[in-house]
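Thanks for sending this one over. Here are my notes, written to be read with the model open beside them.

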Amino acid sequence: MNPIALIATKKGLFQLLDDLTVQPLGFMGIPVTMVLASKNRKQWYAALNHGHFGVKFHRSSDMGVTWEEMSAPQYPQNKSPQKEQPQTDSPQDEKGASLKLIWSLEFAEDNNDKKLWAGTVPGGLFYSDDSGKSWQLNESLWQYKLEQEWFGGGFDEAGIHSICVHPDDASHINIGVSCAGIWQTTDNGDTWQNKSKGMRAEYMPPEQQFDPTIQDPHLLVQCPTSPDSFWVQHHNGIFKSIDGADSWSEIDTANPSNFGFSVAVHPKDPNTAWFVPAIKDDCRIPVDGKFVLMKTTDGGQSFTTHKKGLPSTISYDLVYRHGLDVDDSGDRLLMGSTTGNLWLSVNQGDSWRCLSHHLPPIFAVRFVKQF
Amino acid sequence: MATVNFTQNLKRHIECPSLYANGETLHQVLTNVFRANPKLGCYVLDNQGQLRKHMTIAIDGKTIIDRIRLSDKVNPDSEIFIMQALSGG
């Protein structure tokens, strides 16, 4: 049996095999916040967040049979002089940053399984060229975080949840930050530009609603065969760009809700994308208790809702931002919820089959793709 | 030398036998312990060298006061226990 997808949960890592069984793969009882694997690379990676012992990073060279602990990204120690008196706590500005979460992981180059990007809470982007034996904080982006005082969205501190490496140019990268909008580099991280023009945050005071540095994209995805096309599920709604993130247009045709966390884009058709709606934003349950998937095939001009195979009675499932994925073909979608349900669709989301009702709360699902 | 003991729950993830270490403060003792095993230090201290939020340390039966600078005094015959805090679940 071959793994076709990995499922990161609050209580360990699981794999979906090609016979559609779900098997535990490791780290039982430990929150796995992100996982990274591909068909054409030997190394697999998993990020953990122990409740007590902090964030850890592991690598497997045998498709998850065994795992080796590598180094986790590390923020530089604050060099400011320490007070003489014993301290039980310290103000944030004196304390310095410390890694809270690895929220996103991507391969940095084609045909290389050792070069990695990691997006973290509290807002730092890290690079490794040695499989996570060592990491370097991207200082130029981190300076923006410190100067602009990015604030948290979903966590107490800011975090990078999306990393989109251009399929034809690995030095061209777009990232999504809660809460600092979309950022782009075209020189492999030496310099960065905010690319949130057109995004709107209705929940902010009027004079701040279009401020690019306070935008809260929940997830950014890039169409691999049309890399100028992006979709964002934003805290305030759905946004689309067709010019490489130079500008964004707000999509207001979604029904039953434009609020949600996850989005997936068809790998060969930038006009087809899927969303999982919920009631914004302090409620965060399906609208009217009816769990559905939303799909557009015309670039957001219209949406259809799909519920065949999804819960027919009142449901409280929420799909986190990394809880929806589409495979290389664009036909199969995988979706995992906070209630531990895992669903598969083989017809572009039109109907679904539940593969498990009893998994732990699901943080992320990822097909093992060719990339 | 002080004796340093680790919670059994940590032994599931990383080797951490009880050991002896020199130092007049907790910071000095832990520096000596983790110098030989920096990966173990990452399970106990955060990136700033402070005690992780959901960890706790007791010296001779008393919970330490200084979680930031780890300046609590240690005697040559002290017994140090590094444990999980209940706040972490």
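This is a predicted model: local features need pLDDT of at least 70, side-chain atom pairs count only at pLDDT 80 or more; totals for chains, interfaces and linings use all residues.

1. Let's begin with the overall build of chain A. Its secondary structure comes to two helices and 28 strands. The C-alpha trace spans about 65 × 50 × 40 Å along its principal axes. For 371 residues, a compact globule would have a radius of gyration near 21 Å, and the 20 Å of chain A agrees with that.

2. How much of chain A is buried? The share is 49% of its 371 residues. Contacts between residues 24 or more positions apart make up 49% of the chain A contacts that have a separation of 6 or more.

3. Next, the pairing around S17(A). Strand S16 (residues 217-222) of chain A pairs with S17(A) in the antiparallel sense over five bridges. Strand S18 (residues 237-241) of chain A is also joined to S17(A) by five bridges, and these two run antiparallel as well. A hairpin of two residues links S17(A) to S18(A).

4. Another sheet to look at is an open one of four strands in chain A, in the order S12-S13-S14-S15, with antiparallel pairing. Which strands are at the edges? They are strand S12 (159-165) and strand S15 (193-194) of chain A, each of which pairs on one side only. Within the sheet, strand S13 (residues 173-178) and strand S14 (residues 181-185) of chain A run antiparallel and are joined by five bridges. One example is Ile175(A), whose bridge partner in S14(A) is Trp183(A).

5. The largest nonpolar core has 126 residues, and Ile7(A), Val32(A) and Val35(A) touch the most other members. Beyond its neighbours within four places in sequence, Ile7(A) is in contact with Phe14(A), Leu16(A), Gly336(A), Leu342(A), Leu359(A), Ile362(A) and Val365(A). As a general background point, nonpolar side chains tend to be buried together in soluble globular proteins.

6. Not counting residues up to four places away in sequence, Gly340(A) touches His357(A), His358(A), Leu359(A), Pro360(A), Pro361(A) and Ile362(A). Ser241(A), by contrast, lies 99 residues from Gly340(A) in sequence and 33 Å away in space, C-alpha to C-alpha.

7. Finally, the meeting of the two chains. The contact takes 21 residues from chain A and 21 residues from chain B. On the side of chain B that touches chain A, helix H2 (residues 38-44) of chain B gives the largest share, three residues. By class, that side of chain B has six nonpolar, nine polar and six charged residues.

Terms used:
Residues are numbered from 1 along each chain as its sequence is written. Chains are lettered from A and ligands numbered from 1 in the order in which they are written. The radius of gyration is taken over C-alpha atoms; the globule rule is 2.2 Å times the number of residues to the power 0.38. A residue is buried if 20 or more other C-beta atoms lie within 10 Å of its own, exposed if 12 or fewer, and partly exposed in between; C-beta atoms are placed from the backbone. Two residues are in contact if their C-beta atoms, placed from the backbone, lie within 7 Å. Ala, Val, Leu, Ile, Met, Phe, Trp, Tyr, Cys and Pro count as nonpolar, Asp, Glu, Lys and Arg as charged, and the others, Gly among them, as polar. Two strands pair if DSSP finds at least two bridges between them. A nonpolar core is a set of buried Ala, Val, Leu, Ile, Met, Phe, Trp, Tyr and Cys residues joined through C-beta atoms within 7 Å.
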